[in-house]
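Work through the exercises below with the structure open. Each task is followed by a solution in steps.

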Amino acid sequence: MVSESRVDPNVNSRPVAQATRMAGLIRIGLSRGYLLAPATRLLSAASLDLTGVPPVDRSLVVRRGDFEYVVARSSDVASLTELGALELAVVGSDILAERAPTVSELLDLGIGKCRLVVAGPAGTQLRAAGLRVATPYPRTAARYFEDIGLAVEILALSGSSEVAPSIGVADVIVDLVETGATLRANGLVVLREIAACTARLIAPCRDRAHLDAPLIDALIERLAVMRPVVVSVAATSRVSDETLVRV
Ligand code: PRP
């Protein structure tokens, strides 16, 4: 069973109302969760002012000079970029593979390295047909199990799939593993690896004539330059990253 939401197929062809946009303002989408801290570090290293990101109150938008940061669920960041509501955004390659949004992928940022895996209680055999798989990645999971020739039932959840086996609603999960802390805390182990993932810089597939294109191009160039520096610092501080509070 793959849950498909009913989406108006024409929704992405409608232009975003320009009235909601301030001339020259560059909106950058940031994915909530494990990607937020490394994305914030990379953008700061590229000389952007991200003071107040993430917001401590319930607001989801922070304005800093010519830039506005929108913090949202990664699947929504991809959709908002596709709609043209964000000029740039940072999302995981996991979301791009799952949602296949019509966007331009500008850079592999190298940050947010993690794995999309099948996980379950130790000793779980991926042989019996009819296993139930809980996952926020129903399409990717369905593709994977089809490829290995195993008929499964997919239970689409928007997050927290790790709880599903222990409360008896699924046998295994398909989800991201970064440090492994969430799996361990829920008594699960990696059974198979599906894909290695990293954060990508994306942009809408439309011209940016109404914007300060040189400013955006300069930012993309700075991100490309700073990316290896931030990636290597992150690699040496993985343990302390595990203790970061996630939003
Ligand atoms: C991601 C992912 C896992 C967790 C894995 O969730 O969905 O739940 O990180 O990280 P770990 O291996 O370091 O424990 P995220 O923090 O993005 O929140 P979400 O589940 O609400 O999307």
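Predicted model: local features only at pLDDT ≥ 70, side-chain atom pairs only at ≥ 80, totals over all residues.

**Exercise 1.** Determine which strands are linked by the salt bridge between Asp108 and Arg200, and classify the exposure of both residues.

Solution. Step 1: the side chains of Asp108 and Arg200 meet at 3.6 Å, N to O, and a salt bridge requires the nitrogen to be within 4 Å of the carboxyl oxygen. Step 2: Asp108 belongs to strand S5 (residues 103–108) and Arg200 to strand S11 (residues 199–204), so the pair links distant parts of the chain, 92 residues apart. Step 3: buried means under 20% relative accessible area. Arg200, at 17%, is therefore buried, whereas Asp108, at 34%, is partly exposed. Step 4: the pair is part of a network of salt bridges that links Glu105, Asp108 and Arg200.

**Exercise 2.** Do the analysis for Glu153 and Arg132.

Solution. Step 1: their side chains meet in a salt bridge at 3.1 Å, N to O. Step 2: Glu153 is in strand S8 (residues 152–156) and Arg132 in strand S7 (residues 131–135), 21 residues apart. Step 3: Glu153 counts as partly exposed at 27% relative accessibility, and Arg132 counts as partly exposed at 30%. Step 4: for the total, the structure holds five salt bridges.

**Exercise 3.** Describe the burial of strand S4 and find its pairing partners.

Solution. Step 1: five of the five residues of S4 (residues 88–92) are buried. Step 2: sort them by face; Leu88, Val90 and Gly92 are on one side, Ala89 and Val91 on the other, and both faces are covered. Step 3: strand S1 (residues 26–31) runs parallel to S4 and is joined to it by three bridges, with Leu30 having Val90 as its bridge partner. Step 4: S11 pairs with S4 in the antiparallel sense over four bridges. Step 5: the bridge partner of Val91 in S11 is Arg200, the residue whose side chain meets that of Asp108 in a salt bridge.

Note on methods: Residues numbered from 1 in each chain as written. Heavy atoms only, no water. Helix = DSSP H or I, 4+ residues; strand = E, 2+ residues; numbered from the N terminus. Buried < 20%, exposed > 50% of the residue type's maximum accessible area, 1.4 Å probe, protein only. Pairing = 2+ DSSP bridges.
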